[in-house]
Structures are given as structure tokens and as C-alpha cells.
Amino acid sequence: MSKLLDGEVAIITGSTSGMGEAIARRFAKEGAAVVINGTNEERGSRIEYEIVKEGGNAAFFKADVSSASEVEAMVEFALGKFSKLSVLVPNAGILGNGLATEITLETWDKTIGVNLNGVYYLCRYGLPKLIEAGGGKVVVNASIASFKSFPQHPAYCASKGALIPFMKNIAQDYAVHNIRANALCPGPVDTPLIWDSVKAFPNADSIIEETIGMTCVGRLGTPEDVAEAAVFFASDQSSFITGASLTIDGGIMT
Amino acid sequence: MKTIDLSGKLAVVSGGGGEIGYALCEGLAGAGADVVALDINVGRIEGGSDKIAGIEVDLSDTAATASALESVGEVDIFVHAAGINIAASVSEFDEAAWDAVFNVNLKSAFFLTKMLIPRFRTGSVGKVVFISSISARLGYPGLHAYTASKGGLDALVRNLSTELAARDICVNGIAPGTTKTAMTKGLWEDRQKCRAHEATIPMGRMAECGDHVGPLLFLCSEMSDYVTGQIVCCDGGLTSVQADFVDLRLREGNE
């Protein structure tokens, strides 16, 4: 059977661990060339090596997505390496947790910088390349935090909340260029981030078990669950879907 | 189109003889599934793919529907695509019309699901997908029963998902945007009206029946095993934007 992402070239930010890593590996298995991104060279290079060893096409680029110039350089790197760019997956995210009155201004700025500005920068520099390619897909990794609050996650929730209308705006303005934009809204997914996230909860010791109990399906999501939905939005399976958000949460928001 | 593999799966599709329903049956069969299509009119199914079997049944008749399902074996997928529409102003909308729409669009969705649950194969995640409509969240003149029934379907998706997860069955919905079928003929046959409507859709066109196949295959495959209780809008962006601001000039300049 032909692969769902044959011929695509994707940048997946924050793909040296967690959901981003799963998306990069899954995209490569579906035939896409992938730019792996993060700030940890050792992990990025290892993932690149493993994807290539399995017959995939991947290249790591170290960049801090809160830096516009580094994101611009990453887009140029993708073009130079794979000759085109057709899928943007702004995925990188950090927590910046603490009470709103207690986190530092630097923490606020950094969280907004990575989670929101990083998405904007990838679109700012990547969308013109998608237009050059004749069209493409933007798959924003948002969160159920786009819709609800969590204890001591003010910067995280604010940044994720902003991503949905931003994505819709991209969907509206760039449909004319054959570009679709959609958002993934993962619920509780077993990544390094969730284990940091629980520390901000008053019931940190029990919250994971309680959260599992709140899902319909009775388990945490896996990074692969989210990667499957990313493939859907990046592929022609979703060719008439744009401006949509898909919650991948085992039913916790139902 | 590159596709998802559903080989070895058995899908039951209510309304499989309708335009969208049959396109979904073909999509499922094309992905390798065997399909049983239930419809009051199976004319479209006869002489088609040998992977699609038609059963003629009035879905508003719960007892007849139960009999029709007797020959169906272990099920992996149930798609409720049956839907009818009767349009009239409030003052002219009679009870029979209201009941007819609700019986097919909403009541049969629930009772078909109820009847099929014991038949779902164990050991893999079962999939139930209701074909709803963007009209569940938007108003249209005269479509009182249709929009209310689709709103009910959305609510039923969420409610069934909470209970059926324990049986390893995911329940989701697809909300098609305005799709080129006989039901919308009055719109797409009138070039001027159609153009005005398309101007409100970011992707600049009405949906074809086949546009809904990709989302269905995703929701029927292992790719969506952690997705339940969700409605996927397949509408070219129609419900995500303020329609007045879709910039048609940009589009025309680009054609």
C-alpha cells in the first residue's frame, strides 16, 4: 500500500522527545522527509540516525523556536536539504508553571515565546515556502489547555488558547494558496511534559490516576496516538478539513 | 488517493444507499472492509462493488431493523449515515414530518447502536461514526427538525462515548459542510447562489460526497483509538471563520 505522506517534507518543532518525536518517526514511516528540531543535539542526532537507519529521510536542526532568526534558518535548512517544504508541525511546548503572581516575567516571556511565538515564526517563514510548493498543511499541536485551565499553568494555558484562533486565521487567509491549517488538542498523554505538569497540582501524587479515571477509555494517551492524528491532518485523508481542532483525549473533555 | 487499510473489518452503514452513504460504503470497501448497507432504497448498491451488500429496510421501523440485522455477523464498524430532510416554516411544520425526520436521523442512530453493540468484535477497538452536519451548530430557514436532529446526534455521540468506552468502542461524528447531493440541488444548480455560498467557504467550494471518506477512514481505523466523543467538521473551513471576511478577491486573483 502506498504511504500516506509520500513526497511530503515536514518540519516538526520540538521533536527530540514526546509527541514531536513520535510525529517525526511516524511521518518518516509514512514516507515524509522530516526535519527534526530541538535544542538537545544528542537526542536529535540519535533520532535522525534511527530514522535514517530504518530507511527514512530525516535531518536534525538545532534551533530555539522562540528565536525568529533560528526558525528562519531552520526553514532555509529544510529547503536546502530536501528542496521543498510542504508540512509545518509547530509542536514545541514548555510549561512555565507557577501562580500568575509568582512566575517571573522571564518565565512568562519564554513560555509565550516558545508556545506561541514559535508557532508564529514557523508560519511566518514557512508559509511562503508552502506557497512555492503549490500548497501544504499546517498542523498545530495545541492542547485541551486551549479550552480549560489547569492549576498553576497560566502561561501554558494562555499560549495554547491563543493557538486555536491563530490556526483558524491561517486556515482562512491561506486556503487560497491550497494550504490547510488544523490543530491537534491532546489530552493527558504520557510524555516527559505531563510528569512535570503534575508537580503543579495540589494532588500531585494521585492526579495521574485520577486523570486516567476521568478519561472514557481508562488510560493515558500515547505520543503515537497523537502522531496518528497528525498524519491524518498532514495527509489527503483530510483534504476538505481546514480550521478544525481535533481533541485526542480518550474522552476526558466529553 | 493513498488510503488507510481496513482489510478484514466488517462495517454496517445505515443510509448506505444514499449519496453520501454510498460514497462512504465505497470508501470503506476501497480500504478493504466488507460493508453491509442498510437503506430503504438499495438501488444504488445493486450491481456495485461485491464488497458492499445491501439490505432493504425502513430504518424508522425499529422492529424491521432488528430483523434486518439478524444475518449480520461480527461487526467492527457502524456508520450512521441515514438522514432525511423536510423543510417547512414553523407554522406549516406538522408532527408527522417532525417524527419522520427524527425517526431516521436520530432515533435509528441510537437503536441501531444498541442492537449492534452485542455484535461488536472483541479484542480490537470498535468504531461508531455518526454522520452529523454543520447544521447542528448553524441555523437554516425551514430546517427545524433536520438541524435539531443533527444537534441531537452530536449530543448522542458524546453521551454514547462515555458508556461505550468501557466496551472498547469509540464513538465519533463527522459534520459535513454543504455537500453536492440531491438535497442541496437547489443551491448548487443555481450558479449565482452557489458562487455566493462558496464565497463563504475558505476552500472556495462545496463538498463532494467523497470528501467525507478520508475522515471516516481515519475515525474507523486504529489511527484514532484515543479519539472518542468528537465531531470532525469536514466543511472546507466554513464553520471556523466569520463568513463575511473570506477574501474572495484574493481567490479570484489567484485563479
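This is a predicted model: local features need pLDDT of at least 70, side-chain atom pairs count only at pLDDT 80 or more; totals for chains, interfaces and linings use all residues.
Colleague: In what sense do strand E1 (residues 9–12) of chain A and strand E2 (residues 33–38) of chain A pair, and over how many bridges?
Modeller: Two strands count as paired if DSSP finds at least two bridges between them. E1 and E2 of chain A have four, and they pair in the parallel sense. One of the residues involved is A:Ile11, whose bridge partner in E2(A) is A:Val35. The strands (E, at least two residues) and helices (H or I, at least four) are DSSP runs, numbered from the N terminus.

Residues are numbered from 1 along each chain as its sequence is written, while chains are lettered from A and ligands numbered from 1 in the order in which they are written.

Colleague: In what order do the seven strands of the open sheet of chain A lie?
Modeller: The order is E3-E2-E1-E4-E5-E6-E7, with parallel pairing. Strand E3 (57–62) and strand E7 (245–248) of chain A have a single partner strand each, so they stand at the edges and one side of each lacks a neighbour in the sheet. From one strand to the next the twist averages 15°; for angles, axes are lines fitted to C-alpha atoms (for helices over the stretch in contact), and values run from 0 to 180 degrees between N-to-C directions.

Colleague: Which way do the residues of E7(A) point?
Modeller: In a regular strand the side chains alternate between the two faces of the sheet. Here A:Ser245 and A:Thr247 point one way, A:Leu246 and A:Ile248 the other way, and all are buried (20 or more other C-beta atoms within 10 Å of the residue's own; 12 or fewer is exposed, in between is partly exposed; C-beta atoms are placed from the backbone). E7(A) runs parallel to strand E6 (residues 179–186) of chain A, joined by four bridges, and A:Leu246 is the bridge partner of A:Leu184.

Colleague: Which strands of chain A does helix H3 (residues 68–82) touch?
Modeller: Contact means C-beta atoms, placed from the backbone, within 7 Å. Helix H2 (residues 41–53) of chain A lies across E2 and E3 of chain A, at about 170° to E3(A). H3(A) packs on the sheet against E1, E2 and E3 of chain A, its direction making about 150° with that of E2(A).

Colleague: Which residues touch the most other members of the largest nonpolar core?
Modeller: Such a core is a set of buried Ala, Val, Leu, Ile, Met, Phe, Trp, Tyr and Cys residues joined through C-beta atoms within 7 Å. The largest has 154 residues, and A:Ala10, A:Phe27, A:Val34 and A:Ala230 touch the most other members. Helix H4 (residues 105–132) of chain A gives this core its largest share, nine residues. Beyond four places in sequence, the contacts of A:Phe27 include A:Leu5, A:Ile12 and A:Val231.

Colleague: How many residues does the contact take from chain B and from chain A?
Modeller: Chain B supplies 36 residues and chain A 34. On the chain B side, H7(B) gives the most, with four residues. The predictor gives the complex an ipTM of 0.90 and a pTM of 0.93. Chain B averages a pLDDT of 94, with 95% of its residues scoring at least 70.

Key. Two residues are in contact if their C-beta atoms, placed from the backbone, lie within 7 Å. pLDDT is the predictor's confidence in each residue, from 0 to 100.
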